[in-house]
Amino acid sequence: MCGIFGIVGHPEASNLTYLGLHALQHRGQESAGIVASDGHSLRAHREMGLVADIFTAPVLEKLPGAAAIGHVRYSTAGGSQLKNAQPLSVEYVGGHMAVAHNGNLVNAQELRTALEADGAIFQSDADTEVIVHFIARSKQPTFEQKVVEALTKVKGAYSILFLTENKLVAARDPYGFRPLVLGKLKNSWVLASETTALDLIEAEFIRELEAGEMVVIDETGLRSSQPFQPTRLGRCIFEHVYFAKPDSVLFGTSVYETRKELGRQLAKEQPAPGADLVIAVPDSGVPAAIGYAQASGIPYDVGLIRSHYVGRTFIEPQQSIRHFGVKLKLSAVRQVLKGKRVVVVDDSIVRGTTSRKIVKMLKAAGAVEVHLRISSPPTQWPCYYGIDTPSRQELIASSHSVEEIARYVTADSLGYISQEGLGTAVGDRERATFCTACFSGKYLTGDLNTSAPPAESAPKLAIIA
């Protein structure tokens with residue numbers, strides 16, 4: 001759950017990187033960083049917090065140069081601390097390099113243990129740092145060859161940018177778990193996690209990097225290669241369901257249109273006869289709710305309003321504050337809901353606690369029935385590739401039936417889209433080009449299921465109306 005951005009060949013590289021990171025802020029809100037190169041040295045600035053608060057004009061003035069990479073972070077490997085903020089920036093025998101990484105490496109701990117046993121000293125908890133060590137130890141003659149050697153040793157998800165004094169290297173893992181797109185701004189090349197960052201700086205979208213592709217940009221221009229062992233595609237389905245911004249084009253299709261199609265398919269599979277209106281859990285549920293309303297013929301209305309001025313309330317230390325988390329973020333529109341039988345569409349249910357509070361809020365506002373519809377299948381397995389899902393014990397669908405979850409969240413009915421319907425909606429009926437491990441438990445990088453307890457070992461929730 002991170003966003004990366006890079007640009008080469010622009011005199012205001014750090015300023016444009018700031019704008020790109022701003023467009024990618026939804027991918028991580030814990031920390032942000034930019035490293036810029038003036039052709040002779042790298043300068044870095046990283047802080048905890050949001051992009052707009054960190055990168056003031058005086059800070060950006062200290063990051064001169066025509067090339068820069070940036071990163072916004074939400075921690076999935078390594079704690080929420082400044083030492084884990086990226087881009088990582090180091091000096092080694094080959095010079096100076098910086099790294100910005102989106103994704104998780106599933107063999108990082110094993111590699112780190114071996115490196116530490118051989119005398120390596122780590123400065124962070126981030127899995128990305130093992131790649132840095134392998135590059136520093138490589139005997140390959142060129143930087144890009146060092147990168148290839150390092151990346152062939154890691155397993156898992158990486159869309160990754162490397163910056164040196166005179167070149168930028170971008171790579172994507174052979175499965176293509178995380179997105180990475182290439183753009184052009186006049187004579188500058190741009191790389192970003194999503195097309196929304198290209199749109200903000202008015203760069204032209206050229207193409208998405210292929211799975212297993214590496215791009216090198218230096219004074220000779222741009223060159224591409226496919227140095228990694230090909231495998232089946234494993235693009236993250238959850239990017240389309242929830243994570244990416246709706247205005248992005250992801251894996252070749254519009255995120256907004258895909259989410260509307262998820263809603264249409266959901267309406268076919270999980271109708272709600274007799275309902276008066278369809279509402280969304282904003283913001284991620286809105287396109288799917290519109291699609292549900294279109295396919296069902298039930299009118300769409302705004303029944304929940306989201307506050308745009310609330311941070312991540314669940315990190316507040318006191319339970320008395322956390323109790324109001326959902327109410328701080330969402331408020332019900334009584335005039336819309338009173339006396340109505342409501343279909344409420346959301347993208348997913350993780351623990352179930354937020355859904356329970358939302359259903360209760362809608363009923364307290366006067367809804368006589370609440371029918372919860374989810375535009376993804378039940379989330380039963382944790383993600384090891386860069387989406388921050390909890391352990392399996394905490395995923396309500398891993399140990400409870402749909403009927404049990406409905407009772408827990410106090411909904412009058414609950415319906416999920418099927419795995420087959422999900423594949424149809426994203427244009428991959430056989431689900432052969434996406435990773436759906438969070439729904440199916442089928443991990444693409446080997447049997448990771450042994451680290452997760454069976455569903456029946458998870459504690460049952462007390463179903464209290």
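Modeller: Let us begin with a loop: D283 lies between β17 and α10, where helices (H or I, at least four residues) and strands (E, at least two) are DSSP runs numbered from the N terminus. The peptide bond from P282 to D283 is cis, with omega near -5 degrees. This is a predicted model, in which local features need pLDDT of at least 70 and side-chain atom pairs count only at pLDDT 80 or more, while totals for chains, interfaces and linings use all residues. Residues are numbered from 1 along each chain as its sequence is written, and side-chain values use heavy atoms, with hydrogens and water left out.

Biologist: Which residues does the other cis peptide bond, with omega of about 5 degrees, join?

Modeller: That cis bond joins Q86 and P87. P87 is found in the loop between β4 (67-73) and β5 (88-92).

Biologist: Why is α9 called oblique to α10?

Modeller: Helix α9 (residues 255-269) and helix α10 (residues 286-296) pack at an angle of about 45 degrees, their axes 6 Å apart. Axes are lines fitted to C-alpha atoms, for helices over the stretch in contact, and angles run from 0 to 180 degrees between N-to-C directions. Angles under 35 degrees count as roughly parallel, over 145 as roughly antiparallel, 65 to 115 as roughly perpendicular and the rest as oblique; the α9 and α10 pair is therefore oblique.

Biologist: Which residues make the contact between α9 and α10?

Modeller: From α9, the contact uses Y256, R259, K260, G263, R264, L266 and A267; from α10, it uses P287, A288, I290, G291, Y292, Q294, A295 and S296. Contact means heavy atoms within 4.5 Å.

Biologist: Against which elements do the buried residues of α10 pack?

Modeller: They pack against α9, β17 (277-280), β20 (341-346) and β21 (369-374). The buried residues of α10 are P287, A288, A289, G291, Y292 and A293; buried means under 20% relative accessible area, exposed over 50% and partly exposed in between (1.4 Å probe, protein chains only). Just after α10, G297 takes a positive phi of about 80 degrees.

Biologist: What makes F251 count as buried?

Modeller: F251 has 8% relative accessibility and therefore counts as buried.

Biologist: Why does E369 count as partly exposed?

Modeller: The relative accessibility of E369 is 29%, so the residue counts as partly exposed. E369 lies in strand β21. Leaving aside neighbours within four places in sequence, E369 is in contact with K340, R341, V342 and D412.

Biologist: How do you know that the count of disulfides comes to zero?

Modeller: A disulfide is a pair of cysteine sulfur atoms within 2.5 Å, and by this rule the count is zero. The closest cysteine sulfur to that of C435 is in C236, 6.5 Å away, and therefore too far for a bond. The sulfur of C438 likewise has its closest cysteine sulfur in C236, at 6.5 Å, too far for a bond.

Biologist: Are C435 and C438 buried or exposed?

Modeller: C435, at 8% relative accessibility, counts as buried, and C438, at 11%, counts as buried too.
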